[in-house]
Amino acid sequence: MTATKKTDARNAALPPYETIALVLQGGGALGAYQAGVFQGLAEAGIEPGFLSGISIGALNTAIIAGNPPGKRVERLREFWETICQPNSGLGPLPFIEQSLFNLNDPMRQAMSALHAAGAVLGGQKGFFQPRMPPPAMVMAGDTATASYYDTQALRGTLEKLCDFDLINSGRQRVSVGAVNVRTGNFVYFDNTRTRLEPKHFMASGALPPAFPAIEIDGDYYWDGGLVSNTPLAYVLESRPRKDTLAFQVDLWSARGRAPTNMGEVSDRVKEIRYSSRTRLITEEMRRHQQMTHLLARLLEKVPAKTRAKDPYCRMAQELSCAKRYNVVHLIYRDKPYEQHYKDYQFGLATMRDHWASGLEDIRATLKTPGYLAMPKTESGFVTHDVHRREIERTQED
């Protein structure tokens, strides 16, 4: 998708990127933050032409790609307000929950613990429910049921909220990552190569041992986050290469304070484990792009006849790339009340808090001068993070 004439809410024209990508990471209940980011992009008139997600990011991708532009935010809200209700239907009334949530952090913490326990014991509406009887620990059974929870309800939710003909129409490129259980290989299901169905999005979010592997064409697949929690490299390396503005929405922050108890230790371990892969891939992409830009510039100094005949020059031309990439990071930051179970705490009030954080961050990002500009660095690759800018400003002060 070309963004030449697109404008944001402040009427600032975007540079002529050939592709605008939305890259959505995994993180369970924190995924409502991604919905808030998407709402801000929609408000600004920025429509991604390439959507790629893993885990909860894949489910958000399905809702976005599976609806026309005017319905996407509404459907995202319906999805999150559905899965943030208990299977039992015995949760507190929404306005009472919100009133209690607004009191103070100790109350938020207590409510979060209750919602997390509810998810473990009873599951979430339209998403997952405990297996009865529980799965066998040793005796042989069925791969499709070797999990603590059944996710068939999720299939129904996706079929209700998504138009899979629209997902496969080619209007947007859509891809989701998963892991082949048998081979351990990471794969992407991409609508340019296969027809995407509910099972592909479910496979990307099938985190073991909680959720079962999903069968696709005779093989079983688990959550892509087991190997890589971000599809950024897949998006930026897709052919043909294009000048790309990528909004990467991460749900785990690399920055955090040293833990003081075992719950905080567990939380910090998750943050480091999932964010480190994102940082590694981003840095690898920056170095790779620097090398491809260098090759392109060196080839400009080689006579055209030599470039055409010399096999090494032809190889270098295939590897070189003068395209430019701007990766805008939106990274969720922990709230004071959150604990190690924040990724499976599906309370309505907390979900709305996550959503509001995403909306606030993307609005601040779009207001920041230069963040969406075409890269002018030697590598042709830049990254921006509004929170890092705030930290650097604080350190300077």
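Me: Which ring does arginine 77 lie over, and at what distance from the ring centre?

Reply: A charge sits over a ring if NZ of Lys or CZ of Arg is within 6 Å of the ring centre and within 35 degrees of the ring normal. Here, arginine 77 lies over the face of tryptophan 355, 4.1 Å from the ring centre. Arginine 108 lies over the face of phenylalanine 101, at 5.2 Å from the ring centre.

Me: What should I know before reading on?

Reply: This is a predicted model, where local features need pLDDT of at least 70 and side-chain atom pairs count only at pLDDT 80 or more, while totals for chains, interfaces and linings use all residues. Residues are numbered from 1 along each chain as its sequence is written, and side-chain values use heavy atoms, with hydrogens and water left out.

Me: How many aromatic pairs does the structure hold?

Reply: A pair of aromatic rings is described by the distance of the centres and the angle of the planes. Rings of Phe, Tyr and Trp (its six-membered ring) pair if their centres lie within 6.5 Å; planes under 30 degrees apart are stacked, over 60 edge-to-face, and the rest tilted. The structure holds 15 such pairs. Take tyrosine 188 and tyrosine 234: the ring centres are 3.9 Å apart and the planes are at 15°, so the pair is stacked. Tyrosine 188 lies in strand S6 (residues 186-190) and tyrosine 234 in helix H9 (residues 232-237), so the pair ties together parts 46 residues apart in sequence. Helices (H or I, at least four residues) and strands (E, at least two) are DSSP runs, numbered from the N terminus. There is an aromatic cluster too, formed by Phe127, Phe128, Tyr149, Phe211 and Phe346.

Me: Is tyrosine 188 buried or exposed?

Reply: Buried means under 20% relative accessible area, exposed over 50%, partly exposed in between (1.4 Å probe, protein chains only). Tyrosine 188 is buried, at 16%. Tyrosine 234 counts as buried at 17%. Leucine 24, in strand S1 (residues 19-24), is buried with a relative accessible area of 1%. Leucine 24 is 28 residues from serine 52 in sequence, but their C-alpha atoms are 6.3 Å apart.

Me: How many residues has helix H13, and how far does H13 reach?

Reply: The expected span of a helix is 1.5 Å times one less than its number of residues. Helix H13 (residues 348-367) has 20 residues and reaches 29 Å from first C-alpha to last, close to the expected 28 Å. H13 is mostly covered, with 14 of its 20 residues buried.

Me: Which residues lie nearest the centre of the largest pocket?

Reply: On a 1 Å grid over the protein atoms alone, a pocket is an open set of points with protein on both sides within 12 Å along at least five of seven lines; in a cavity, a 1.4 Å probe fits but cannot get out; lining residues have an atom within 4 Å of a point. Ser253, Ala254, Arg255, Gly256 and Arg268 lie nearest the centre of the largest pocket, out of 38 lining residues. H10 supplies the largest share of this lining, 11 residues.

Me: Which residues lie nearest the centre of the second largest pocket?

Reply: They are Leu207, Ala210, Phe211, Asp343 and Tyr344, among 31 lining residues. H10 gives the most to this lining, with three residues.

Me: Which residues line the largest cavity?

Reply: Phe127, Thr151, Leu154, Met202, Gly205, Ala206, Phe211, Pro212 and Ile214 line the largest cavity. Phe127 and Phe211 also belong to the aromatic cluster.
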